[in-house]
Amino acid sequence: MSGFGTLNTAATGLSAAQRAMDITGQNIVNANTAGYSRQRVLLSSAGPATSATFFSGQQATFGGVGVSDITRIRDSFLEATRAAAGGRQETLTAQASALAGAQQLLAEPGDNGLQRSMDEFFNSWHDVATNISPDNTAPGAVTIENGVKVAGQLHAIAFGLAAQWSVTHDALADTVSQANQAASDLAVLNGKIQEGVVAGRPVNELLDSRDQLVRRLSELVGGVALPAEDGQVQVSVGGVSVVSGTKAQTLTLGGAGDLATATTDPPTLYWGTTPVPVESGRALGQLASLRSDLPTLLAAVDQVAVSLRDAVNAVHATGFTLAGAPGGLFFDGTDALTLSVVPTAAAGLAVASAPGTVDGSVAAAIGDLSDERNASAVLGGPGPSARWRELTTALGVQLKSLETASSVQQSVVRAADDAVEANAGVSLDEEMGNMILFQRSYQASARVITTVDEMLDTLINRTGTVGR
Amino acid sequence: MIGRITQRAISDSALRGLQASLDRSARLQEQLSSGRRISQPSDDPSGTASAMTFRSQRASAEQHLRNIDGAQGRLNITDAAVGDLSARLAKVRELALASQNGALSTEGRSALGAEVTAIRGNVVDIYNTRYLDRPVFGGTVAGDAAVDGAGAYVGDDAPVVVRISRDATVRVDVRGTDVAADSVPALLDQIAAEVASPGGITNASLDALDAARSTVLNAIGDIGARASRVESAKVQVDSLRLDLQGRISENEDIDLPETIMNLQAQQVAYESALGAAAKILQTSLADFLK
């Protein structure tokens, strides 16, 4: 057996231990880096050299140990599960946040909501009826003020919904531009990874960054990643490929830019001129708010305004003012934004059932509209208060179910996070164990060299002095 | 359970636990400081629907109570006026009977006539009794008198109705014809003339006067019946209002002792979670390696 061979063997042990210590160090310092996957050194023993060397005699030398690979421990299935769960979570959160903004506008239940204003409005008609007199205009003036207040509150809600819509629209535009940025970053990374793989360079850190970007794309627009050759990934959104190799496609946001036209020209994501069917991610939640939730809510608010207008006008038109003029419109306008009160003074209110009388029976009949039975009899359908309650309750139910779904989804995301972390996360205990292990291994390899050195010393300096 | 636990997993899960605990505390804190269980529809959608209905019904009940106050004021004034009217007519009957005394001098007769004329003036004023500038016996007539200067009834007998509960209305006016406003002024003119003339009042006039008096007495009974109906409606509506108030509070307000207990329990849980996290996050293999 050759002493030189053993030195080489021990030297490979030293360098393997050093390399392993490198990786352990890299793992430890990145223990808290988001998206970092732990790495492992794969050691393999090298067998005897294929041909004996000149000095080796008949016995083959051992090749020592070699670092065959540095692997990155990350399960792509777990990662895909996590990315998809994150996308769904973002959908629910985005949709709920737009609705929560709308819910604030309603100010229900409480003393500042529309319900209260409508009750006050109807009740003030009763005050007109019980205090009917051509000289006492105060109750009539209060009624008109209350009507203006109800109309103003409906305006404010409709304006608020339009503002909420615009904010959500801006947020969606931001989501799209972030997604485009992530897609182009991912395309660049794909290129670097390919170069690295072809050149045989370690690309583990690049792969980590790539997984982070894929996760981000999933959260933003519900991108789904498919592995491609040379460690690259291909990402598609609703079947439309947005990243393919080193090419990234740009998504654009088209369609209506305001709430009024949102139903006729719903906002849509496009790739060129092709509509992209978004299936998950924040964009889906924002699109759901823009395309259906907020327009539906506005339509319901408009219906409240229209039914209020129709019910009051229907009764008002049957009456006469105290001056004997037939009652015209009380409310004018076509929706919540345009609802307005027509009479400007108490004398303009049609309160009497017959011309030339000082009668308040029509005023009382309008006041009685606060009772749903009377309102639905006049309208042949739900009255304004019933519609308003229905709208409020429906919004509450939708938001609550979104919040519940979101909190369930959050647990799913956490479970997926835990699974990814359990698989890919750095355990400091484990790394410290490895540190000791590789330290000992280095020490032992060094000891082998010392021992061989001593043997050579014996051979070189003491040969011939045996027994002296 | 997952087989492999890392330090980061422990710290993440500890942090999540702490945050969930803090979130629950914050919710309880918000409920405590606002005193309300439902502050927005999504807190409890069906509770919100009830809350809005109860509040609307309470607003109606409050309006009905206001209407009832108005109705009572009006009925009280009317009642007093009809009582007065009845007393006046009784006085006229007294004077009329006195006029049948054949020993009465001419001066005495004209004095009786003058007194009846004076009473007629009172009676017309009574017929024109007003509540909030409106003649209570005039129905919905334009103008502020039920009987004009010539003693003619100008009211229209149209009903004045007030809603006193969700299902009930009450008529708060008294028709002029129900208190004989259409006949009494003329009758009194005639009686004044008859008592001033020899022979005194005729039996026909006396019968007409008695008929008018009995009409007025009927009206008194009718007003009393309506006033008591309004009074009992007031008691009912008021108790409905209080009931609704209680239901609103039950529906929307927090159970104070329960919420405080929950908050206390939550704080204990939070503190123990903090303690556990502090213990487990500090230990490391590095402490035990030389």
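The exercises below work through a predicted model, chain by chain and then at the contact between chains.

Residues are numbered from 1 along each chain as its sequence is written, while chains are lettered from A and ligands numbered from 1 in the order in which they are written. Because the model is predicted, local features need pLDDT of at least 70 and side-chain atom pairs count only at pLDDT 80 or more, whereas totals for chains, interfaces and linings use all residues.

**Exercise 1. Describe the fold and the extent of chain B.**

Step 1. Chain B holds six helices and four strands, where helices (H or I, at least four residues) and strands (E, at least two) are DSSP runs numbered from the N terminus. Read from the N terminus, their order is α-α-α-β-β-β-β-α-α-α.

Step 2. The radius of gyration of chain B, taken over C-alpha atoms, is 39 Å, well over the 19 Å that the globule rule (2.2 Å times the number of residues to the power 0.38) gives for 290 residues, so the chain is more spread out than a compact globule. Along the principal axes, the C-alpha atoms of chain B fill a box of roughly 145 × 30 × 25 Å.

Step 3. Of the 290 residues in chain B, 32% are buried, a residue being buried if 20 or more other C-beta atoms lie within 10 Å of its own, exposed if 12 or fewer, and partly exposed in between, with C-beta atoms placed from the backbone.

**Exercise 2. Determine which side of helix 3 of chain B is buried.**

Step 1. The buried residues of this helix are Arg109(B), Leu112(B), Val116(B), Arg120(B), Val123(B), Val124(B), Ile126(B) and Tyr127(B).

Step 2. They cover an arc (of the directions from the helix axis to the C-beta atoms) of only 145° around the axis, which puts them on the same side of helix 3 of chain B.

Step 3. These buried residues pack against helix 2 (45-99) and helix 4 (184-196) of chain B, whereas the face turned away from the buried side carries the exposed residues Glu107(B), Ala118(B) and Gly121(B).

**Exercise 3. Characterise the side of chain A that touches chain B.**

Step 1. The contact (C-beta atoms, placed from the backbone, within 7 Å) takes 49 residues from chain A and 44 residues from chain B.

Step 2. Helix 9 of chain A gives the most to the side of chain A that touches chain B, with 15 residues.

Step 3. By class, that side of chain A has 15 nonpolar, 19 polar and 15 charged residues, with Ala, Val, Leu, Ile, Met, Phe, Trp, Tyr, Cys and Pro counted as nonpolar, Asp, Glu, Lys and Arg as charged, and the others, Gly among them, as polar.

Conventions
Two residues are in contact if their C-beta atoms, placed from the backbone, lie within 7 Å.
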